[in-house]
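Please read them with the sequence and the model open beside you.

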Amino acid sequence: MKDNLQILTEAVRGDRKKVFARYGQKPSKAPAERIIRWVLRILGGMTVGITAIIIYILVSDAIGFFRQVNFFDFLLGTQWEPFGFEKKFGVLPLLSGTLMIALGASAVAIPFGLGTAIYLTQYSPPWFREFATPVVEILGGIPTVVYGYFALVTVTPVLGYFFPEIEVFNALSASIVVGISILPMVSSLSSDSLRVVPVSIKNAGYALGMSRFHVVTKIIVPAAVSGIVASFILAFARAVGETMAVTLAAGATPTTAWDYLHGIQTMTAFIVQISLGDASAGSIEYFTRYAIGLTLFVLTFGFNFLATRIVRRFREVYQ
Amino acid sequence: MIKFDARRTRRYQIYGVIFQLVCFTANTVALFFLGYLLVDLIVSGVAGINWNFLSSPANPNPDRAGISSAIIGTLWLMFLTAAFAIPMGLGAAIYLEEYARNTRFVRFIKLNIQNLAGVPSIIYGILGVTLFVNALNLGQSLLAGSLTMALLVLPVITIAAQEALRAVPDSFRLAGYGIGMTRWQVVRYQVLPVASPGILTGIILALSRAIGESAPLLLVGAAGFIAYLPISPMDGYTVLPIQIYNWTARPQAEFHAIAGSAIIVLLVVLLLMNAVAIYLRLYFRKKLSYLHS
C-alpha cells in the first residue's frame, strides 16, 4: 500500500526516470534488447567523443604552434603578420577585430531584439503576434553567406551616402548584418522567458495600483532577466563565431585600430583565409589555424558556459 | 500614507505610451530591414533566373554561368548528411530520454550537447579537414563534407528529438509496461509514433541549417568551380552557399547579380522546407490534440 502511494507521489512530481528505475521492469535479458541498449548507449556517449576529438585536434596542433611562438608573445602581441619574411604572431589585432564585430552586432541586436520581444509578448494584438513571430524567425533562418552578400551589395553602398570615406570592406556594414542575423536569437529566447512569467504576479502589480508601464518594466522584465541576459550572451557568442558575413564584408586587414569605417579581420575570417591558401602541413602558417581555432573555441565555450550558469543561478522558478 | 496624485498617474500613462511606442518601433525596424533586404534582392536578382541559369554548370563567363552543379551538390550533401546525422541524433536522444538514468555522467552528456550546439561552425570545419580530409584520407569529397555537416547538425537534431520525446505523456509508457512490453517495444510502439511529428520538424529545421551553412565546407574543400555533376560520394562538389560566396567575393557587378539570383533560389528552397515543417507541426498538433485535453 505504502509502495503504491510512493510510486504515485513520485510520478506526480514528474521524476519518471526514478519511478521506472525503482519500480519498473528489470531491463530485459533478451539478446535483441541488449543489442539495442548497447547501440543506443554508444550513440548517446558519442557526443562526448566528438567534443574530445575537437579538443584533441585543436590542442595537439596548437602545441605545434606554441613550440615555435612564445605563448605570451601570441597573447599580448599587437601585430599579426603571418605571411612574408618578418612573421609576427600577436593575436590582439584578430581579437580586437572579432570584438568590434561582436560588440557592433550586439549594439544592433540587443535593443531591437529586446524591444521586439517585449512588444510581441506584452503589447501586441494577437493577430500581429501570429504574423510577426514567424517573420522574425525567418530572419534567423537566412544563411550567413546571404548576410555577407547583403552587407557588400546593399548595406555598404547605403552607408556610403552618410560616410563618403568608408572603405568597400568595412567593419560597420559587417556589424550591422551580423546584428540582424543574431536579432532573432535575442528576441525569441527573451520572448520565451518573458512569456513564462506567471499572470498572478502581473495581476498582483495591477492590484497594487501600478501602471502598465511599471508592471512591464518593474515586474515582468526583472522576473525574466536571467533568460534575457542569457540570450544576450548566447547572441554575443554567435557573433564571435560568425564567419561568412565577416569574411565577405569586413576585409582582411588585421588591425588594433578601432575604426568601423575601415577593413579589419576577425579570427574566423583568418581561419578561412589560411585554409583557402596553400599552407603546407607542418609549416607555421598551417599551425596558426589551430592556435586561432583553439582561442575561438575557448572564447565561445566560455560564453556558452556563462549563459548556462546565469540561467541556472538566477532563474526564478514559479509554480 | 499614499496620496492619490492625478498628475503622477498622467505622467506614468505618458511613459507607458512612449515605452510601448519604442518597443513597437524596435519590432517594426526589424521587419523593415527584412523587407528592404528582400525587395532589393528580388529587384536585382529575379531577372537572372531562367531555365539556362538553373540547368548550366559553373562558367567563368557570368552570362553563361549556372547553378546546376551547385544544386546537385546541395542535394547530395543533404541526403548524405541526413543519412549520417538522423540515426546518430535520434539514437542519442532515445538513449538520453528513455534509457539513461539521471546520473552525473548523463547530466554531463546533456550539458555537453548544449555546448556543442553553440560551437562555431568553422570549428567543425577545422575538425573535418583534419580528421576526415587528411587523417582518414577521404580527400575533398562529398563524403568528407557530409560527415563534417553531420557532426555539425547532430546536436541540433538530438536536442529537438529530446524535446519531442519529453513531450510524450508518461501514461503512454506506463500503459505499455502495464501490458508487459519491454523497454524497446515501449519506445518503438508507444513513444516514437507520438513523438514523430516533433522529431520530423526538428530534422527538417536541422537540415535546412545544413543547406545554408558554408563556413565548414570552405575548409573541407567544396570548390567554387565545378563544371561537372558529382555522381558518387567520393567526387568533388560545390553547393549553393559556396557558389554564392565565390560569386559575391568577386569584384565585378555581373557576378554579384548572378549571386543574387542564386540566393533567391536558395531562399526559396529554405522557405519551402520551413513551410513543410510548420505545416507538419500544425497538422499533427490537430491530430494529436487529444493528448493535451
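1. Glu97(B) is buried, because its relative accessible area is 2% and the cut-off for a buried residue is under 20%. Keep in mind throughout that the model is predicted.

2. What does Glu97(B) form with Arg166(B)? The two residues form a salt bridge, in which the closest N and O atoms are 3.3 Å apart. Arg166(B) is partly exposed, at a relative accessible area of 45%, whereas Glu97(B) is buried. In general, side chains of opposite charge can pair when their charged atoms come close.

3. This pair also belongs to a network. Salt bridges link Glu97(B), Lys110(B) and Arg166(B). Over all chains, the count of salt bridges is six.

4. Another salt bridge in chain B is made by the side chains of Asp170(B) and Arg173(B), with an N to O distance of 2.9 Å. Both residues sit in helix H7 (residues 170-178) of chain B, three residues apart, which is about one turn of the helix. Are the two partners buried or exposed? Asp170(B) is partly exposed, with a relative accessible area of 24%. Arg173(B) is buried, because its relative accessible area is 1%, and the cut-off for buried is under 20%.

5. Chain A has a salt bridge between the side chains of Arg195(A) and Asp192(A), at 3.5 Å from N to O. Both residues are in helix H8 (residues 171-195) of chain A, and they are three residues apart, about one turn of the helix. Arg195(A) counts as exposed, with a relative accessible area of 53%. Asp192(A) is partly exposed, at 40% relative accessibility.

6. Now the positive charges on the surface. Which residues gather in a patch of positive charge? They are Arg309(A), Arg312(A), Arg104(B) and Arg107(B). Helix H14 (284-314) of chain A and helix H4 (104-117) of chain B are the elements that give two or more residues to this patch. Arg312(A) is placed in helix H14 of chain A. Arg312(A) is exposed because its relative accessible area is 56%, and exposed means over 50%.

7. Helix H14 of chain A also holds Ala307(A). Setting aside neighbours within four places in sequence, Ala307(A) is in contact with Ala230(A), Ile233(A) and Leu234(A). From C-alpha to C-alpha, Ala307(A) and Ser191(A) are 16 Å apart in space, and in sequence they are 116 residues apart.

8. There is a nonpolar patch on the surface as well. Val158(A), Tyr161(A), Phe162(A), Phe163(A), Phe32(B) and Tyr36(B) form it, and together they have about 700 Å² of accessible area. Helix H7 (144-162) of chain A and helix H1 (6-45) of chain B each supply at least two of its residues. H7(A) gives the largest share, three residues. Phe163(A) is placed in the loop between H7 and H8 of chain A. Phe163(A) is partly exposed, at 32% relative accessibility.

9. A buried position in chain B is Ala206(B), which counts as buried at 0% relative accessibility. Ala206(B) is placed in helix H8 (residues 183-212) of chain B. Which residues does Ala206(B) touch, not counting those up to four places away in sequence? Ala206(B) touches Val153(B), Val156(B) and Ile157(B). The C-alpha atoms of Ala206(B) and Leu272(B) are separated by 14 Å, and the two residues are 66 residues apart along the chain.

10. Last, some totals for chain A. The chain contains 14 helices and two strands. Of its 319 residues, 51% are buried. Among contacts in chain A with a separation of 6 or more, 70% are between residues 24 or more positions apart. The accessible surface of chain A is about 15,300 Å², and carbon and sulfur atoms account for 65% of that surface.

Terms used:
Residues are numbered from 1 along each chain as its sequence is written. Chains are lettered from A and ligands numbered from 1 in the order in which they are written. This is a predicted model: local features need pLDDT of at least 70, side-chain atom pairs count only at pLDDT 80 or more; totals for chains, interfaces and linings use all residues. Side-chain values use heavy atoms; hydrogens and water are left out. Patches are made of residues with over 30% relative accessible area and no salt bridge: like charges are joined within 9 Å, nonpolar side chains (Val, Leu, Ile, Met, Phe, Trp, Tyr) within 5 Å. Accessible areas come from the Shrake-Rupley method with a 1.4 Å probe; for residues, only the protein chains shown count as cover. A salt bridge is a side-chain nitrogen of Lys or Arg within 4 Å of a carboxyl oxygen of Asp or Glu. Lys and Arg count as positive and Asp and Glu as negative; His and the chain ends are not counted. The place of a charge is taken as NZ of Lys, CZ of Arg, CG of Asp or CD of Glu. Helices (H or I, at least four residues) and strands (E, at least two) are DSSP runs, numbered from the N terminus. Buried means under 20% relative accessible area, exposed over 50%, partly exposed in between (1.4 Å probe, protein chains only). Contact means heavy atoms within 4.5 Å.
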